Amino acid sequence: MTKKLLVYGVLLILSIVIFSILNMLNTTMLYDEAYSVFMIKSSYADILKVTSGDVHPPLYYWMLKTFSLFFGDSVFALRSFSLLGILGTLLLGCFPIRKMFGDRVSLFFIVLTILFPVTQYLATDIRMYSWTMFFVLGCALYAYKAYRRNDISSWIVFLFFGIC
């Protein structure tokens with residue numbers, strides 16, 4: 001059991017280090033990232049007002065704004081928030097996926113998630129897509145679990161992920 005935990009831990013730490021280095025090296029800011037930075041400068045109510053008129057999710061901007069209150073609004077700090085979404089996705093691979101589908105599927109999922117170029121992009125972009133990946137994967141996993149077990153706790157977690 002400890003050898004498995006070591007493998008999962010090494011993969012998680014390796015991915016955090018790689019994606020953090022990519023965050024530090026990438027100093028250019030795209031227009032979409034500038035929009036995210038602009039949004040967190042607004043109040044929570046203004047964020048809701050602006051996002052209700054377009055397709056952007058207010059929850060992401062509320063979460064990013066709250067994160068920036070604690071860690072600042074530097075480009076590295078804001079990109080690190082996207083990295084947390086990827087880390088959350090990898091943790092879903094470590095725990096629910098491993099529990100539902102076994103160690104082999106879990107390791108395969110984690111390694112592929114780390115290696116996919118799109119993950120490297122999502123971990124270094126100040127946009128909602130890494131968190132979208134986390135919430136959609138969580139929603140899918142708990143929809144499957146709720147369907148298979150039909151227990152109230154799975155339905156509640158499924159509802160939470162679905163709303164997010």
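In the predicted model described here, Arg79 counts as buried, at 0% relative accessibility, where buried means under 20% relative accessible area, exposed over 50%, and partly exposed in between (1.4 Å probe, protein chains only). The model is predicted, and local features need pLDDT of at least 70, side-chain atom pairs count only at pLDDT 80 or more, and totals for chains, interfaces and linings use all residues. Residues are numbered from 1 along each chain as its sequence is written, and side-chain values use heavy atoms, with hydrogens and water left out.

Arg79 forms a salt bridge with Glu33, the closest N and O atoms being 3.1 Å apart; a salt bridge is defined as a side-chain nitrogen of Lys or Arg within 4 Å of a carboxyl oxygen of Asp or Glu. This pair links distant parts of the chain, with Glu33 in helix α2 (residues 31-40) and Arg79 in helix α5 (residues 75-101), 46 residues apart. Helices (H or I, at least four residues) and strands (E, at least two) are DSSP runs, numbered from the N terminus. Glu33 is likewise buried, with a relative accessible area of 2%.

Three salt bridges are found in a search of the whole structure. One of them joins Lys4 and Asp103, whose closest N and O atoms are 2.6 Å apart. Here too distant parts of the chain are linked, since Lys4 belongs to helix α1 (residues 2-25) and Asp103 to helix α6 (residues 103-115), 99 residues apart. Lys4 is partly exposed, with a relative accessible area of 42%, and Asp103 is partly exposed at 24%. Another salt bridge brings together the side chains of Lys41 and Asp73 (2.2 Å, N to O). Lys41 lies in the loop between α2 and α3 (44-52) and Asp73 in the loop between α4 and α5, so the pair ties together parts that are 32 residues apart in sequence. Lys41 is exposed, at 53% relative accessible area, whereas Asp73 is partly exposed, at 41%.

In soluble globular proteins, nonpolar side chains tend to be buried together. A nonpolar core is a set of buried Ala, Val, Leu, Ile, Met, Phe, Trp, Tyr and Cys residues joined through side-chain atoms within 4.5 Å. The largest such core has 24 residues, and those with the most contacts inside it are Tyr60, Tyr61, Leu64, Phe81 and Trp131. Two or more residues are given to this core by each of α2, α4, α5 and α8, and the largest share, seven residues, comes from α8. Apart from neighbours within four places in sequence, Phe81 is in contact (heavy atoms within 4.5 Å) with Tyr60, Met63, Leu64, Phe67 and Trp131. A second, separate core has twelve residues, among them Leu11, Leu83, Ile114 and Ala123.

Ser15, in helix α1, is buried, with a relative accessible area of 1%. Residues up to four places away in sequence not being counted, Ser15 touches Leu90 and Ile114.

The largest pocket contains about 150 Å³ of space. Its 13 lining residues include Pro57, Trp131, Thr132, Phe135 and Cys164, the closest to its centre. On a 1 Å grid over the protein atoms alone, a cavity is a set of points where a 1.4 Å probe fits but cannot get out, and a pocket is an open set with protein on both sides within 12 Å along at least five of seven lines; lining residues have an atom within 4 Å of a point. The largest share of the lining, five residues, comes from α8.

Conventions: Grid points are joined across faces, edges and corners, and a volume is the space filled by probe spheres set on the points.
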